[in-house]
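Hello,

Here is the structure I promised to pass on. Have a look at it first, and my notes follow below.

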Amino acid sequence: MTKNLHQISNYIASNSTFCLISHPHRSKVHTIISDKHGKVIYPNKPLKIIRNTCRLHGSSYEASNYNAKLFFGKSKHKLPIMVAYDFGDPCILFPLFSPHSSQNIWISLHAIVNINELGNETIVTFIDGSEERLPIHMKSFNHQYVRAAMYYKHLITKRNSKL
């Protein structure tokens, strides 16, 4: 499957992003990027995309993670983060596993339209009708999804109170 994917040298996550999937290739981890334009492959880990996106928008992954911890609590892990404001709308991505794991997958909150269980896996349907089969129990996925939705609502409420 990945042999047919176009390789890109740079990618910035936005609300057009669906997911960033770690993909081992030889001795390195690449990222399969799925967005509204289709799928491409990036020759670095998903976390590099997250870091670059935060940096481009004047922040850092560490600052975004710190802000999420202020809302959820310092002891929480695998937190959703806001990587950017995309035309005034927070762009929230959430990790399914440890952000530093070579098997991690980042999902964009805005892209999800349906979630189904298939044994020990979760099938996510995105806004364009495409689906991704993810190696995570639906209960764990739902936990991460709810956190992301709560964080999104918090950021919107915070933004609107400043208007």
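How many residues does the hairpin that joins S3 to S4 run through? The hairpin passes through two residues. Before the rest, some background: this is a predicted model, in which local features need pLDDT of at least 70, side-chain atom pairs count only at pLDDT 80 or more, and totals for chains, interfaces and linings use all residues. Residues are numbered from 1 along each chain as its sequence is written, and side-chain values use heavy atoms, with hydrogens and water left out.

Now the strands. Helices (H or I, at least four residues) and strands (E, at least two) are DSSP runs numbered from the N terminus, and two strands pair if DSSP finds at least two bridges between them. S3 (residues 28-35) runs antiparallel to S4, with five bridges joining them; Ile33 has Val40 in S4 as its bridge partner. S4 (residues 38-42) also pairs with S1 (residues 6-7), this time in the parallel sense over two bridges, and Gln7 stands opposite Ile41 there.

Gly58 follows H1 and has a positive phi, near 85°.

Do write back with any questions.

Best wishes
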